[in-house]
Amino acid sequence: FVHHASVMQGVLGYREHPKYMLVVVTDACRRHALQVAKGFVAKGRLENEDQIFSLTMDQISNAQKDEAIDLLSLVRANLKPVEDVRHVKNWPVLIDSRGKIIRGKREITEDEKNKEGLLIGDPISPGAGVVRGRAKVLMDPYEKPLEAGEILVARFTEPSWTPLFINAGGVIMEIGGPMQHGAIIAREYGIPCVSGIDNATKLVKDGDLLELDGSAGTVQIIRDDCDKNIVSSG
């Protein structure tokens with residue numbers, strides 16, 4: 001066993017190497033694309049360098065050979081599907097094969113119905129039990145700092161959010177199940193997490209005192225507490 005464990009420990013790092021190389025190659029391609037974009041901007045064919053990422057590789061290649069190609073028209077055409085749905089704020093979480101939107105709701109007990117300020121979602125990570133902390137609502141990971149012990153409230157998370165979990169006393173998300181990124185990281189860090197709370201980022205305000213139960217899948221907003229510095233767990 002010791003021999004095989006030693007071998008596994010010695011080669012386990014190679015699992016991450018392909019991911020590392022993918023990042024290196026992607027970065028090299030991105031730098032090259034920005035260099036090409038700089039030339040397009042200098043000639044007035046693009047308004048800014050980032051617009052290069054709204055073009056296909058074939059469009060870029062053809063434009064390098066033919067200066068008569070109107071790149072701004074191509075950018076607008078490529079972005080039209082995005083602009084057509086920009087007004088949609090909340091996308092359906094689940095759509096069946098026939099296009100029917102399914103909105104599942106957890107059964108609510110009588111006690112839960114009578115509790116003002118109670119938000120009910122799905123228990124994703126039990127963490128260390130019930131925690132209390134001030135809410136920090138973020139729409140992107142770099143919007144504002146998350147202080148130690150604050151409860152992160154977000155629509156969803158992905159890998160770029162991971163450093164925030166170091167300070168998070170708990171996590172609340174609108175979207176995602178047990179295998180969502182935030183759920184996995186929360187369990188790895190031992191942080192309570194509740195997901196599936198519709199409009200959590202609107203219902204919860206920065207500074208709200210929250211009581212989060214990762215085992216029950218509930219979040220209680222405690223609005224009548226005047227102490228803005230309390231952060232405790234139990």
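R132 is partly exposed, with a relative accessible area of 28%. Partly exposed is the range between buried (under 20% relative accessible area) and exposed (over 50%), using a 1.4 Å probe and protein chains only. This is a predicted model, in which local features need pLDDT of at least 70 and side-chain atom pairs count only at pLDDT 80 or more, while totals for chains, interfaces and linings use all residues. Residues are numbered from 1 along each chain as its sequence is written, and side-chain values use heavy atoms, without hydrogens or water.

What does the side chain of R132 meet in a salt bridge? Its partner is E211, at 3.0 Å from N to O. A salt bridge here is a side-chain nitrogen of Lys or Arg within 4 Å of a carboxyl oxygen of Asp or Glu. E211 is also partly exposed, at 28% relative accessibility. The pair links distant parts of the chain: R132 sits in strand β5 (residues 130–137) and E211 in strand β9, 79 residues apart. Helices (H or I, at least four residues) and strands (E, at least two) are DSSP runs, numbered from the N terminus.

The whole structure holds 10 salt bridges. Another joins K144 and D206, at 2.6 Å from N to O. K144 lies in the loop between β5 and β6, and D206 in the loop between α7 and β9, so this pair ties together parts that are 62 residues apart in sequence. Salt bridges with shared partners join E143, K144 and D206 into one network. E83 and R86 pair as well, at 2.8 Å. Side chains of opposite charge can pair when their charged atoms come close.

Now step to D208. This residue is in the loop between α7 (200–203) and β9 (209–213). Is D208 buried or exposed? D208 is buried, with a relative accessible area of 13%. Leaving aside neighbours within four places in sequence, D208 contacts G133, R134, A135, L203, I221 and R223. Contact means heavy atoms within 4.5 Å. The C-alpha atoms of D208 and I221 are 6.8 Å apart.

Next, the interior. In soluble globular proteins, nonpolar side chains tend to be buried together. The largest nonpolar core has 16 residues. Such a core is a set of buried Ala, Val, Leu, Ile, Met, Phe, Trp, Tyr and Cys residues joined through side-chain atoms within 4.5 Å. Residues with the most contacts inside the largest core include L152, W161 and V171. β6 (151–154), β7 (170–173) and α6 (181–189) each give two or more residues to this core. The largest share, three residues, comes from α6. Apart from this core lies another, of 15 residues, among them L119, V131, I197 and L210.

Some nonpolar residues lie on the surface. V7, M8, V11, L12 and Y14 form a patch there. L12 is in the loop between α1 (2–11) and α2 (17–42). With 52% relative accessibility, L12 counts as exposed.

Last, the whole chain. It has seven helices and 11 strands. Of its 234 residues, 32% count as buried. The mean pLDDT is 87, and 89% of the residues reach 70 or more. pLDDT is the predictor's confidence in each residue, from 0 to 100. Over residues 225–234 the pLDDT is below 50. Where pLDDT is low, the predicted coordinates should not be read in detail.

Methods:
Patch = residues over 30% accessible without salt bridge, like charges linked within 9 Å, V, L, I, M, F, W, Y side chains within 5 Å. Areas by Shrake-Rupley, 256 points an atom, 1.4 Å probe, with all protein chains shown as cover.
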